[in-house]
Amino acid sequence: MNTSFAFVDPFADTLELPVSGEIEAPRPMWERDQLVEHLGAHYQIVRELGRGGMGVVFLARDIALHRLVAIKVLRQEFAGSVEHRERFRREARMTARLSHPNIVPLHSFGEMDDFVYIVMKYVHGASLAERMRREKKLSAGEVRRILRDLALALDSAHRDGVVHRDLKAENILLEGPSGHAMLTDFGVALLRSLDPVRADSSHAFGTPHYMSPEQATGDLDIDGRSDIYSLGVLGFYMLTGSLPFDGSTFEALAARHIVDAPPSLEGAGPAGLCAIIERCLAKNRDDRFRTGEELAEALDALEVRKRWFSKHAARSSWLFGGRAAIALAMLAGLARAAARWTTI
Ligand SMILES: Nc1ncnc2c1ncn2[C@@H]1O[C@H](COP(=O)(O)OP(=O)(O)O)[C@@H](O)[C@H]1O
Ligand SMILES: [Mg+2]
């Protein structure tokens, strides 16, 4: 658990803020200033939560509803760009279509001149990227659970025609002590039914380390299986602590995704889990899991198999233990008989 989150009570229902020590001293920052200027009557800004390529995300308190929310503001350097504002609008509309326990829900969206923002559920926890920075790698059980959560999130998004295209540790939030995984940042997602298939809408989006071979080649017909590949990269990363491919330039990295076989996962975790991750990483999308649901089922089957083995192992050890006890009792009986015989 990230202790820097501990001082905020996500369920606080008081308006008696600021409480000493809860709100960090405001630093001059365009995004924060805009937020206060335009939304200060409705939201009390607590602190910055994080920032990515597009936006700065703040923790804020919804004054009327007495709840904490996360507000993402388009960064100052993009605020003047019509294209970036449109992308932000698309992100909001895309997220608004989706409803799943493993996808961060959107509350509202607004724009006032250059100031564009998205209000969403605040996920009280840490991003997977922060978690990986702290722990380097995760246990096989946790990798399986997080992959399953995300496979279900993707399955739901894909059924709604949305391909995320930017799956990476920074865009995954782990909520509370259970570490329930939630997918966020549909900033470069593709709406298959509505987006015109254009080179600029499907090429070079996403983060090169997680890019599927078809994304890397600029294939115009990207589908959900591209996200399944990126999930494989994520699984590889969580299990081993390093990404399957690295390269000094975008082109070098793209070429490796297209041509190179990923390093073997042998010994990095249980064979079943490694085989699932390797299947996600297949170069040819026909060789991957077809859907998030199919992937989640394969991950569930691992758990069922594990439980079956541990149950039967327990039973066989009980049986073995029982047999050993009988054998010992027989030996003791024989010894007693032998002792009696020698004393006659
Ligand atoms: N709903 C949220 N709750 C808590 N933290 C969040 C939330 N959304 C984003 N963050 C934090 O802000 C960072 C950037 O958010 P993201 O939506 O990925 O921005 P960008 O589109 O600029 O990449 C995330 O990596 C995470 O640390
Ligand atoms: Mg992001």
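Asp185 counts as buried because 23 C-beta neighbours lie inside 10 Å; a residue is called buried if 20 or more other C-beta atoms, placed from the backbone, lie within 10 Å of its own, exposed if 12 or fewer, and partly exposed in between. The structure is a predicted model, in which local features need pLDDT of at least 70 and side-chain atom pairs count only at pLDDT 80 or more, while totals for chains, interfaces and linings use all residues. Residues are numbered from 1 along each chain as its sequence is written, and chains are lettered from A and ligands numbered from 1 in the order in which they are written.

Asp185 is located in the loop that joins strand E9 (180–183) to strand E10 (190–191). Helices (H or I, at least four residues) and strands (E, at least two) are DSSP runs, numbered from the N terminus. The phi angle of Asp185 is near 65°, which is a positive value in a residue other than glycine. When neighbours within four places in sequence are left aside, Asp185 is in contact with Gly52, Asp166 and Asn171, contact being defined as C-beta atoms, placed from the backbone, within 7 Å. Asp185 and Ala92 are 93 residues apart in sequence, and their C-alpha atoms are 9.4 Å apart in space.

Asp185 is also among the closest of the 22 residues that surround ligand 1, together with Gly50, Gly52, Met54 and Ala70. A residue is near a molecule or strand if its C-beta atom, placed from the backbone, lies within 6 Å of it. At least two residues of this shell come from each of strand E1 (43–51), strand E2 (55–62), strand E3 (67–74) and strand E5 (115–121). The largest share, three residues, is supplied by E1. Sorted by class, the shell has nine nonpolar, eight polar and five charged residues; Ala, Val, Leu, Ile, Met, Phe, Trp, Tyr, Cys and Pro count as nonpolar, Asp, Glu, Lys and Arg as charged, and the others, Gly among them, as polar. Ligand 1 lies between domain 1 (4–121) and domain 2 (143–303), because both give residues to its shell. The domain bounds come from an automatic or database domain assignment.

Five strands form an open sheet with antiparallel pairing, in the order E1-E2-E3-E5-E4. Two strands are paired if DSSP finds at least two bridges between them. E1 and strand E4 (106–112) are the edge strands, each pairing on one side only. From one strand to the next, the twist averages 25°. Helix H3 (residues 82–97) packs on the sheet and touches E3, E4 and E5, and its direction makes about 160° with that of E4. For such angles, axes are lines fitted to C-alpha atoms, for helices over the stretch in contact, and values run from 0 to 180 degrees between N-to-C directions.

E5 is largely enclosed by the rest of the structure, because five of its seven residues are buried. E5 pairs with E3 in the antiparallel sense over five bridges, and six bridges join E5 to E4, also antiparallel. Met120 in E5 is the bridge partner of Ala70 and of Leu106, whereas Lys121 in E5 stands opposite Val69. E4 and E5 form a hairpin with two residues between them. Asp113, in the turn, has a positive phi of about 55° although it is not a glycine. Asp113 is exposed, because 10 other C-beta atoms lie within 10 Å.

Technical notes:
Contact = placed C-beta atoms within 7 Å.
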